[in-house]
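How do the helices of this protein pack, and which of their faces are buried? Here is a short report on that topic.

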Amino acid sequence: MKILKIQENISLKNYNTFGISVNAKRFVSIDSLYNLQQLLKSEKELFLISGGSNMLLTKDIEKLVVHLNIKGISIDSETEDNIFITVNAGENWHEFVLWCVSQDYGGLENLSLIPGNVGTCPIQNIGAYGVEVKDTITRVEAVAIETQKLVSFSNEDCNFGYRNSIFKNASKGKYIITSVCFKLSKKEHQLHTSYGAIEAEMNSKNIVNPTIKNISDAVIAIRKEKLPDPKKIGNSGSFFKNPIISKELFETLINQFPLMPNYEISKNQIKIPAGWLIEQIGFKGKRFDSCGVHEKQALVLVNYGNATGNEILKLAEKIQKIILDKFDIPLEIEVNII
């Protein structure tokens, strides 16, 4: 049994993809379910960090910071058509996706190169290029902070929505996700290639009958072209959610802005790309001292080196205000503001 070592006054700069330099008053790295359960017997006020990809730190952390580093991938069962895999929370998401692709297990290839770890993927129901992770999750296992017991959530229990789940709402702060179980295809994969950028990438390479490897490669190429590498420039991927507005508001706006891209979600709901809105107010590529809006993707806010979390947050709030004034559309922040 490993003895837990709690460290003091540890910088979190290397534990968040924005590269924000704040300190943890106390810090511990957890690499087993048992150690997590033991820790919870004496510590209830925790601040969890996994891949650090979906947060903006604006202050030092007074709570005990727990770096969730539980690793491991196991195959639970398989049929002729599908395989069921349990992945521990500390596994890197992109590396897991690449492993699946290398084994010809289908379902996650459109989610290649998304930063973060497996344990955080159900929380905001990560999605990209026509696919959401909820489509492959069968079960989420988590430790209840209050009782230290392991609890199993079915897909239905997770109450998944657009960039949403029970872990962001009713169960927020009550559980620590320790593993996620996936159902993936072994053959006759259901491919999602209709998204414009993927289709264009396939056409440019003259690929008529794509494999999941082709799709993964295409997504990686697209994301590398549009999104900055957090190892080179601090960012958290998409900073804002794509807003969903009423049909009534959309019909008013489309008369004023006939080139506004839009996607019908339901009879009365229309999704508008947040990046397009930010471009329209002239903020794409705009720099403010040590932070700014990425030059290739307006949805991404970046830290050029020494920005504080509060500087980035003020920029986000400025963007929100101008877009609300111009379009009457409230822009919701996707990352967690700490």
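Predicted model: local features only at pLDDT ≥ 70, side-chain atom pairs only at ≥ 80, totals over all residues.

## Helices α3 and α4

Helix α3 spans residues 196-204, and helix α4 spans residues 212-226. They pack at an angle of about 110 degrees. Their axes lie 9 Å apart. Angles of 65 to 115 degrees count as roughly perpendicular, so α3 and α4 are roughly perpendicular to each other. Their crossing is right-handed.

On the α3 side, A197, I198, E201 and M202 make the contact. On the α4 side, the contact residues are N214, I215, A218, V219, A221 and I222. By type, the contact of α3 with α4 has eight nonpolar residues, one polar and one charged.

## Helix α2

Helix α2 covers residues 93-102. Its buried residues are W93, H94, F96, V97, C100 and V101. These cover an arc of only 160 degrees around the axis, so they sit on the same side of α2. E95 and S102 are exposed on the other side.

What do the buried residues of α2 pack against? Their partners are β6 (73-78), β7 (82-88), β12 (175-185) and α4.

## Helix α5

Helix α5 runs over residues 247-256, with L249, F250 and L253 buried. Seen down the axis of α5, the buried residues fall within an arc of 100 degrees, so they line one face of the helix. The face turned away from this buried side carries E248 and N255, both exposed.

The buried residues of α5 pack against two strands, β14 (244-246) and β16 (269-271), and against helix α7 (309-327).

How values were computed
Residues numbered from 1 in each chain as written. Heavy atoms only, no water. Axes fitted to C-alpha atoms, helices over the stretch in contact; angles between N-to-C directions. Helix = DSSP H or I, 4+ residues; strand = E, 2+ residues; numbered from the N terminus. Parallel < 35°, antiparallel > 145°, perpendicular 65-115°, else oblique. Left-handed = near helix turned anticlockwise from the far one by under 90°. Contact = heavy atoms within 4.5 Å. Nonpolar A, V, L, I, M, F, W, Y, C, P; charged D, E, K, R; others polar. Buried < 20%, exposed > 50% of the residue type's maximum accessible area, 1.4 Å probe, protein only. Arc of directions from axis to C-beta.
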